Amino acid sequence: MSGRTAFVLAGGGSLGAVQVGMLKALTRKGIVPDLLVGSSVGAINAAFFARLPTPEGLKGLERIWLGLQSTDVFPFSPLNSLLALLGKRDHLVSPARLEALIKSELQYERIEDAKIPFHVVATDVLHGTEVCFDRGPLAPALLASAAIPAVFPTVSIEDRYLIDGGVANNTPISSAVKLGASRIIVLATGISCALEKPPRGVVALAMHALNLLVMRQLLSDIEHFSSHAELIVLPPLCPVTVSSYDFSQTAELMRRSEARTRQWLQQNGLQGRGAPREMFAHQHEHGAHGATL
């Protein structure tokens with residue numbers, strides 16, 4: 001498998017919309033991977049792209065994102081929340097709507113039936129280890145990869161209890177290295193770096209905190225694995241004023257991301273230069289459009 005190019009798609013909730021813009025810019029340049037590795041929302045995006053890795057296929061993925069609302073992914077109900085608080089359930093949200101969306105929009109049922117090989121990363125909740133699926137039923141693997149702890153229920157596959165892949169490996173560069181990729185293109189979702197105040201709500205705040213944590217891990221992984229493969233990290237958007245729970249600005253995120261990635265490709269020619277500066281800790285002045293990096 002040496003000499004292969006892998007796309008690695010990170011998790012990030014609603015910020016996964018930026019990956020659609022990145023994929024559009026890459027495919028217009030004729031850059032298509034030999035394999036895909038995704039975690040959480042990145043796994044869902046990878047599954048759609050792996051089915052039809054063309055500009056036409058991306059139009060379908062873009063359509064799905066444009067139609068998403070927070071309630072389509074997080075349909076809270078007072079009864080379910082009460083049962084969770086009383087310890088009668090281990091989750092706040094039913095995955096039924098997300099599962100229905102996956103099954104209705106994806107036109108294949110097994111991971112190995114994709115046109116491009118792809119791998120879904122989840123986390124074994126009992127052992128804290130990464131689990132990587134490259135075959136088997138697609139919908140359960142994607143639901144496991146996106147099962148945010150305490151928000152969605154654990155998913156049982158092959159006698160293992162699984163939760164969000166982001167817990168063990170949100171940006172699975174290491175998985176791509178193990179699979180033999182010699183060139184790895186990382187599609188990170190970035191963080192909500194320009195919020196004026198913390199996101200409201202338990203889930204929104206938890207998702208934001210998790211994104212901050214995994215960004216620090218990603219910086220460490222980039223430094224570590226840069227000697228194992230040619231590592232190319234596409235710059236995430238900055239500034240970002242929307243939280244990873246908010247699906248109201250997906251059109252703008254996709255538009256900005258595609259334009260930013262096109263510009264970056266023209267300037268850099270797909271050459272790796274370490275971690276983009278947008279990934280490092282920085283501050284924004286409220287109401288300002290620039291960043292202090």
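Predicted model: local features only at pLDDT ≥ 70, side-chain atom pairs only at ≥ 80, totals over all residues.
Helices, of at least four residues, and strands, of at least two, are DSSP runs numbered from the N terminus. The peptide bond that joins cysteine 238 to proline 239 is cis, with omega at about 0°.

Two further backbone features concern phi. At alanine 150 phi is near 75°, a positive value in a residue other than glycine. Alanine 150 sits in the loop between α7 (138-145) and β5 (155-157). With a relative accessible area of 47%, alanine 150 is partly exposed, because that class takes in values between the 20% limit for buried and the 50% limit for exposed. Leucine 270 also has a positive phi without being glycine, here near 60°. Leucine 270 belongs to the segment after α11. Its relative accessible area is 7%, so leucine 270 is buried.

The aromatic side chains come next. The structure holds four aromatic pairs. In one of them, phenylalanine 7 and phenylalanine 49, the ring centres are 6.3 Å apart and the planes meet at 15°, so the pair is stacked; planes under 30 degrees apart count as stacked. Phenylalanine 7 is part of strand β1 (residues 4-9) and phenylalanine 49 part of helix α2 (residues 41-51), so the pair ties together parts that are 42 residues apart in sequence. Both phenylalanine 7 and phenylalanine 49 are buried. Elsewhere, Phe74, Phe152 and Tyr245 form one aromatic cluster.

Tyrosine 161 lies in strand β6 (residues 160-163), and its relative accessible area of 43% makes it partly exposed. Together with Val125 and Leu126, Tyr161 makes a nonpolar surface patch of about 300 Å².

Which elements give two or more residues to the lining of the second largest pocket? This pocket has a volume of about 210 Å³, and 14 residues line it. Gly166, Ala168, Asn169, Asn170 and Gln217 are the lining residues that lie nearest its centre. The elements in question are α8 (166-169) and α10 (202-225). Of the lining, α10 gives the most, with seven residues.

Helix α10 also holds alanine 209. Alanine 209 has a relative accessible area of 42% and is therefore partly exposed. From alanine 209 to serine 244 the separation is 35 residues in sequence and 9.9 Å in space, C-alpha to C-alpha.

A second pair of positions can be described in the same terms. Glutamate 99 is found in helix α6 (residues 96-105). At 26% relative accessibility, glutamate 99 counts as partly exposed. Glutamate 99 and isoleucine 173 are 74 residues apart in sequence, and their C-alpha atoms are 26 Å apart in space.

Definitions and conventions:
Residues numbered from 1 in each chain as written. Heavy atoms only, no water. Patch = residues over 30% accessible without salt bridge, like charges linked within 9 Å, V, L, I, M, F, W, Y side chains within 5 Å. Areas by Shrake-Rupley, 256 points an atom, 1.4 Å probe, with all protein chains shown as cover. Salt bridge = Lys/Arg side-chain N within 4 Å of Asp/Glu carboxyl O. Buried < 20%, exposed > 50% of the residue type's maximum accessible area, 1.4 Å probe, protein only. Phe/Tyr/Trp six-rings, centres within 6.5 Å; stacked < 30°, edge-to-face > 60°. 1 Å grid on protein atoms, 1.4 Å probe; cavity = no way out; pocket = protein on both sides within 12 Å on 5 of 7 lines; lining within 4 Å. Points joined across faces, edges and corners; volume = space filled by probe spheres on them.
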